[in-house]
Amino acid sequence: MEKPTDTTPLDLHSAAWASLAAAYGDAEKIPALLQDLRQGDAEALDDLYGHICHQGTIYPASVAAFPHLISVAATVASPELRAGVLSLAASIHESTSLEQELQASLYAAAFHAAVPAALAMALADLTSAEDRLSGIYLLKAAAAFAGFAGAARVLGGFADDEFCLACPGCGVDLYVWPVPEGLSAATADPVFTPSAKTALVSAGPVGSSAQLAAFAWLKADTAALPCLDDVALRLPFLFGSARCAECGHSFSLMDALVSEASD
């Protein structure tokens, strides 16, 4: 098969889908699922997650399906379904193995060509989001499409109000939770161990962080979103300096979270 010289996505009627790997074998079922999704079938979205982003793992079929997901997102009538489609596309875009898949794919050009429209849609929907959870997942999607995959992997922690990681110094599990002062890091789950050692996170961003551009982008894009007021309030802490209450080691919280999410 010759590599396409333009950005045309793989035709849904092409026999080439059967030669692409997906989670459960080949991708022969993917075109029908994409067509069902375009008709508003929410179950097709769940099935697509299982086939092309199974537990966060992506496949050659994921790259080929990406531009079709963006096209579907632009046409579905339901805002909830559109947000779900964009979230699936973002999960593909933020995968730690994306570059490897793109290098091996015949459809990398079509993938890249679809990203600007994906970002525009996510940002437009973010400005009109009415509830916090939708806002978080749209922000996460927009961050992924904007090129901040590491930060995007971390932002989902706002949905459960918990960020978990191992202390880079001693390896003890740390649980980062919202508190009135911003964020705190505990050496045990505060729900089950209220007496766990805790230390407040200092507001940042940390000057040496590799995530400074992500912070600036997120700060600008959450500044005027009422549904994400608490997220905007805690972003400086998420990008701030944490201290392990067990060993006293201080570290850039976001850098450590990105590293953990990338393993």
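Reader: In the hairpin of S3 and S4, which residue takes a positive phi?

Author: The model is predicted, so local features need pLDDT of at least 70 and side-chain atom pairs count only at pLDDT 80 or more, while totals for chains, interfaces and linings use all residues. Residues are numbered from 1 along each chain as its sequence is written, and side-chain values use heavy atoms, with hydrogens and water left out. Strands are DSSP runs of E with at least two residues, helices are runs of H or I with at least four, and both are numbered from the N terminus; two strands pair if DSSP finds at least two bridges between them. Six residues lie between S3 and S4 in their hairpin, and the one with a positive phi, near 85°, is Gly171.

Reader: Which residue in S5 is the bridge partner of Val179?

Author: S4 (residues 173-179) pairs with S5 (residues 182-186) in the antiparallel sense over five bridges, and a hairpin of two residues joins these strands. The partner of Val179 in S5 is Gly182.

Reader: Which helix gives the largest share of the lining of the largest pocket?

Author: A pocket is an open set of points on a 1 Å grid over the protein atoms alone, where a 1.4 Å probe fits and protein lies on both sides within 12 Å along at least five of seven lines; lining residues have an atom within 4 Å of a point. The largest pocket holds about 340 Å³ of space, and 15 residues line it, with Pro79, Glu80, Ala83, Ser134 and Leu138 the closest to its centre. Two or more lining residues come from each of H4 (79-93) and H7 (132-145), and the largest share, six residues, comes from H4.

Definitions and conventions: Grid points are joined across faces, edges and corners, and a volume is the space filled by probe spheres set on the points.
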